[in-house]
Amino acid sequence: MQNPNFHIVKHPLIQHKLSIIRNKNCGTKEFREVVNELSRLLGFEATRDLPLKNVKIQTPIAMANCKQLTGKKLAIAPILRAGLGMLDGMLDLIPSAKVACIGMYRDPETSIPHEYFVKCPEDINKRRVILIDPMIATGGSCIDAVAALVKRGVPVKNMTFINLVCVPEGIKAVYKKFPDLKIYTAAEDDYLTKNNYIVPGLGDAGDRLFGTK
Ligand code: PRP
Ligand code: URA
């Protein structure tokens with residue numbers, strides 16, 4: 001995908017950890033742990049452009065010229081359910097972030113997402129929002145989640161989407177609608193099955209995180 005806002009984060013730790021969760025024999029406990037580790041690593045990269053201000057700090061020895069975060073406060077927006085699996089990792093990085101939960105359910109027959117719950121901090125329109133969801137397949141859930149935030153006053157340029165595995169079809173659909181969305185992913189896979197599962201993918205991320213099915 002040739003959009004300057006689309007980033008595949010190619011780091012050995014990320015590639016190694018992704019190989020662990022792709023394995024169908026990876027159990028729920030390890031799957032959860034590694035998804036959170038990946039979320040931290042991707043979150044680190046996706047927050048590289050956060051603005052800084054100069055501050056002077058008195059160390060025990062002397063005054064030091066330092067940098068501190070400035071600008072908009074942050075909100076993390078997990079797309080339920082599977083996005084919840086990435087939340088602790090993101091909150092480890094940004095413990096003071098508020099959380100906006102976006103409930104999306106992909107109909108198993110049609111793959112059309114249905115919004116069932118949205119609860120955002122009151123000042124969400126003033127925040128930079130980091131959406132998290134392990135999978136972008138058709139792109140429908142990502143598009144609807146971004147639209148739910150736009151409806152609440154968040155400009156797309158203030159949003160970043162952190163994802164583990166996507167496919168070209170889904171990314172193309174997302175960028176047709178929201179070309180300004182920043183996306184950070186660990187991998188762009190090959191294609192979708194006729195049931196809209198990512199190939200090779202990692203199966204149903206929500207089921208694997210929550211031990212359902
Ligand atoms: C999965 C995944 C994404 C969505 C991706 O969620 O976590 O939200 O599918 O597919 P799409 O790009 O075709 O919309 P699902 O709806 O299965 O719900 P869950 O998180 O509750 O398991
Ligand atoms: N949702 C998932 O959890 N996995 C896929 O492969 C596609 C959508």
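Let me begin with ligand 2, which is surrounded by Arg106, Met135, Ala137, Asn196, Tyr197, Ile198, Gly203, Asp204 and Ala205, where a residue counts as near a molecule if one of its heavy atoms lies within 4 Å of it. Before I go on, please keep in mind that this is a predicted model, in which local features need pLDDT of at least 70 and side-chain atom pairs count only at pLDDT 80 or more, while totals for chains, interfaces and linings use all residues. Residues are numbered from 1 along each chain as its sequence is written, chains are lettered from A and ligands numbered from 1 in the order in which they are written, and side-chain values use heavy atoms, with hydrogens and water left out.

The shell around ligand 2 divides into five nonpolar, two polar and two charged residues; here Ala, Val, Leu, Ile, Met, Phe, Trp, Tyr, Cys and Pro count as nonpolar, Asp, Glu, Lys and Arg as charged, and the others, Gly among them, as polar. An oxygen atom of ligand 2 lies 2.8 Å from a backbone N or O atom of Ile198, and a nitrogen atom of ligand 2 is likewise 2.8 Å from a polar backbone atom of Gly203. A polar backbone atom of Ala205 is 2.9 Å from an oxygen atom of ligand 2. On its own, ligand 2 has 240 Å² of accessible area, of which the protein covers 89%, with areas taken from the Shrake-Rupley method with a 1.4 Å probe.

Now to ligand 1, which has 15 residues around it, the closest being Arg106, Asp133, Ala137, Thr138 and Ser141. These 15 residues comprise six nonpolar, five polar and four charged ones. Which side chain has a polar atom 2.6 Å from an oxygen atom of ligand 1? That is the side chain of Ser141, while for Arg81 the distance from a side-chain N or O atom to an oxygen atom of ligand 1 is 3.0 Å. Ala82 takes part through its backbone, with an N or O atom 2.9 Å from an oxygen atom of ligand 1. Taken alone, ligand 1 exposes 500 Å², and the protein buries 91% of that.

Finally, a word on strand β6, residues 101-106, which gives two or more residues to the shell around ligand 1; strands are DSSP runs of E with at least two residues, numbered from the N terminus. Strand β6 pairs with β4 (residues 74-80) in the parallel sense over two bridges, pairing being defined as at least two bridges found by DSSP, and Leu80 stands opposite Gly103 in β6. With β7 (residues 113-119), β6 pairs in the antiparallel sense over six bridges, and Ile102 stands opposite Val118.

Terms used: Polar contact = N/O pair within 3.5 Å; in protein donor to acceptor, adjacent residues only side chain to side chain. Helix = DSSP H or I, 4+ residues; strand = E, 2+ residues; numbered from the N terminus.
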